Amino acid sequence: MTPIELGTEAAARDRGAAELLEHARKAVLARVPADDPLAATAAHLIGCAADVVALIPRRDLTAAQEALSAARAAVTTATYAVWLVHDEAGKEPT
């Protein structure tokens, strides 16, 4: 294969991965209420993964830094979800 063919094949795989992640995000949101903190977190984590997949072809320092930012955003969202679920668990049923 030529470098162009390899690049085209890789781009198609990256698009396929991004499409699978978008499908997964939509499936998560379709199964549970949008205000569910864990569902929102799962959707956000999948979105972060899709963002990183989009960075793969660039293979440069800026892309790596953006991937790190996406990971930080995912951790922040997951941490917030833990706080929300913890707070909800401590409330009396109404």
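**View 1. Arginine 59 sits in the loop between helix 2 and helix 3.** Helices here are DSSP runs of H or I with at least four residues, and strands are E runs of at least two, numbered from the N terminus. This is a predicted model, in which local features need pLDDT of at least 70, side-chain atom pairs count only at pLDDT 80 or more, and totals for chains, interfaces and linings use all residues. Residues are numbered from 1 along each chain as its sequence is written, and side-chain values use heavy atoms, with hydrogens and water left out. Most residues other than glycine have a negative phi. Arginine 59 is not a glycine, yet its phi is positive, at about 50°. With a relative accessible area of 73%, arginine 59 is exposed (exposed means over 50%, buried under 20%, partly exposed in between, with a 1.4 Å probe and protein chains only).

**View 2. Helix 2 and helix 3 pack against each other.** How do helix 2 and helix 3 cross? The axes of helix 2 (residues 37-55) and helix 3 (residues 61-89) come within 9 Å and cross at roughly 175°, which makes helix 2 roughly antiparallel to helix 3. Axes are lines fitted to C-alpha atoms over the stretch in contact, with angles from 0 to 180 degrees between N-to-C directions; over 145 degrees counts as roughly antiparallel. The residues of this contact (heavy atoms within 4.5 Å) divide into 15 nonpolar, three polar and one charged. Ala, Val, Leu, Ile, Met, Phe, Trp, Tyr, Cys and Pro count as nonpolar, Asp, Glu, Lys and Arg as charged, and the others, Gly among them, as polar. On the helix 2 side you will find, among them, Leu38, Leu45 and Val52; helix 3 brings residues including Ala70, Thr77 and Leu84.

**View 3. Aspartate 36 caps the N-terminal end of helix 2.** A side-chain oxygen of aspartate 36 lies 2.8 Å from the backbone nitrogen of leucine 38. Helix 2 has 19 residues and reaches 27 Å from its first C-alpha to its last, close to the 27 Å expected at 1.5 Å a residue (1.5 Å times one less than the number of residues).

**View 4. Alanine 39 belongs to helix 2.** Is alanine 39 buried or exposed? Alanine 39 counts as buried because its relative accessibility is 6%. Leaving aside residues up to four places away in sequence, alanine 39 touches Val28, Leu29, Val32 and Pro33. Valine 28 is 11 residues from alanine 39 along the chain, and their C-alpha atoms are separated by 6.4 Å.

Conventions:
Parallel < 35°, antiparallel > 145°, perpendicular 65-115°, else oblique. Polar contact = N/O pair within 3.5 Å; in protein donor to acceptor, adjacent residues only side chain to side chain.
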